[in-house]
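Subject: Structure handover

Hello,

Here is the structure I said I would pass on. Please open it first, then read the notes below with the model on screen.

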Amino acid sequence: MVDEFHAKHGKGIGHFGDRLLLLTSTGAKTGRTLTSPLAYHRDGERYVVAASKGGAPSHPAWYHNLVKHPDAEIEVGSEKFKVRARPLAKGPERDRLYNAHGDNFAAFRDYPKRTKRVIPVVVLEHVP
């Protein structure tokens, strides 16, 4: 998917269309960089991703990476820039943003039914 993203400059990627970004984070345990393709939506100037892992019982590795190392980089379309991650594990802002994510990607509405955990949301803010 990363290769397809680069080949198409982030446009028209599978069922994500133009709503896929590449997140490059630092491994929480390994310290290595890891690139993950993630569905996103915008909340004003912020990029929002959900640590759903398809409703699996555990959080995805990239979420743990951002909790430990919140400075990361994203690629959106043909742009690449630094971001600071703000994980939201619970609360009204998390709920509002997760519901908005489900409005953009219907599958995300079903993921909470598959797991006992609350699926965190991560806000990615551009760092100048």
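This is a predicted model: local features need pLDDT of at least 70, side-chain atom pairs count only at pLDDT 80 or more; totals for chains, interfaces and linings use all residues.

**The sheet**

Strands S6 and S7 run antiparallel and are joined by six bridges.

Now the wider view. S6 and S7 belong to an open sheet of seven strands. The order is S2-S1-S5-S6-S7-S4-S3, and the pairing is antiparallel. Which strands stand at the edges? They are S2 (33–39) and S3 (41–43). Each has a single partner strand, so one side of each is left without a neighbour in the sheet. From one strand to the next, the twist averages 35°.

Here is the rest of the pairing, starting from the S2 end.

- S1 (residues 20–26) and S2 run antiparallel, with seven bridges between them. Thr-26 stands opposite Thr-33 in S2. Leu-21 faces Leu-38 of S2 as its opposite residue.
- S1 and S5 are also antiparallel, joined by four bridges. Here Leu-21 stands opposite Val-76 in S5.
- S5 and S6 share six bridges and run antiparallel. Ala-72 has Val-83 in S6 as its bridge partner.
- S4 and S7 run antiparallel, with four bridges. Tyr-47 stands opposite Leu-124 in S7.

Note Leu-21 in that list. It stands opposite Leu-38 in S2 and opposite Val-76 in S5.

**Turns and backbone**

Two hairpins have a glycine worth a look. The hairpin of S1 and S2 has six residues between the strands, and Gly-31 there takes a positive phi near 75°. The hairpin of S5 and S6 has two residues between the strands. In that hairpin, Gly-77 takes a positive phi near 60°.

Most residues other than glycine have a negative phi. Which residues have a positive phi although they are not glycines? His-9 is one, at about 55°. Lys-53 is another, at about 50°. His-9 sits in the loop between helix H1 (2–7) and S1. His-9 is exposed, with a relative accessible area of 51%. Lys-53 is in the loop between S4 and H2. At 43% relative accessibility, Lys-53 counts as partly exposed.

**Helices on the sheet**

Helix H2 (residues 61–68) lies across S1, S2, S4 (46–50), S5 (71–76), S6 (79–88) and S7 (121–126). H2 runs at about 55° to S1. Helix H3 (residues 92–104) lies across S2, S3, S4, S6 and S7. H3 runs at about 80° to S4.

Asp-43 lies in strand S3. The side chains of Asp-43 and Arg-96 are joined by a polar contact of 3.1 Å. What does Asp-43 touch, not counting residues up to four places away in sequence? The contacts are Val-48, Arg-96 and Leu-97.

**Aromatic rings**

The structure holds four aromatic pairs. Take Phe-108 and Tyr-111. Their ring centres are 5.0 Å apart and their planes are at 70°, so the pair is edge-to-face. The cut-off for that label is an angle over 60 degrees. Are these two residues buried or exposed? Phe-108 counts as buried, at 9% relative accessibility. Tyr-111 is buried too, with a relative accessible area of 15%.

Elsewhere, Tyr-40, Tyr-47 and Phe-81 form one aromatic cluster. Arg-42 lies over the face of Tyr-47, at 4.2 Å from the ring centre. Tyr-47 is also the residue that stands opposite Leu-124 in S7.

**The segment after S7**

Last, go to Pro-128, in the segment after S7. Pro-128 counts as exposed, at 94% relative accessibility. How far apart are Pro-128 and Phe-81? In sequence they are 47 residues apart. In space they are 8.5 Å apart, C-alpha to C-alpha. Phe-81 is also part of the aromatic cluster with Tyr-40 and Tyr-47.

Best wishes

Key: Residues are numbered from 1 along each chain as its sequence is written. Side-chain values use heavy atoms; hydrogens and water are left out. Two strands pair if DSSP finds at least two bridges between them. Axes are lines fitted to C-alpha atoms, for helices over the stretch in contact, and angles run from 0 to 180 degrees between N-to-C directions. Contact means heavy atoms within 4.5 Å. A polar contact is a pair of N or O atoms within 3.5 Å; within protein, one must be able to donate a hydrogen and the other to accept it, and residues adjacent in sequence count only if both atoms are side-chain atoms. Rings of Phe, Tyr and Trp (its six-membered ring) pair if their centres lie within 6.5 Å; planes under 30 degrees apart count as stacked, over 60 as edge-to-face and the rest as tilted. Buried means under 20% relative accessible area, exposed over 50%, partly exposed in between (1.4 Å probe, protein chains only). A charge sits over a ring if NZ of Lys or CZ of Arg is within 6 Å of the ring centre and within 35 degrees of the ring normal.
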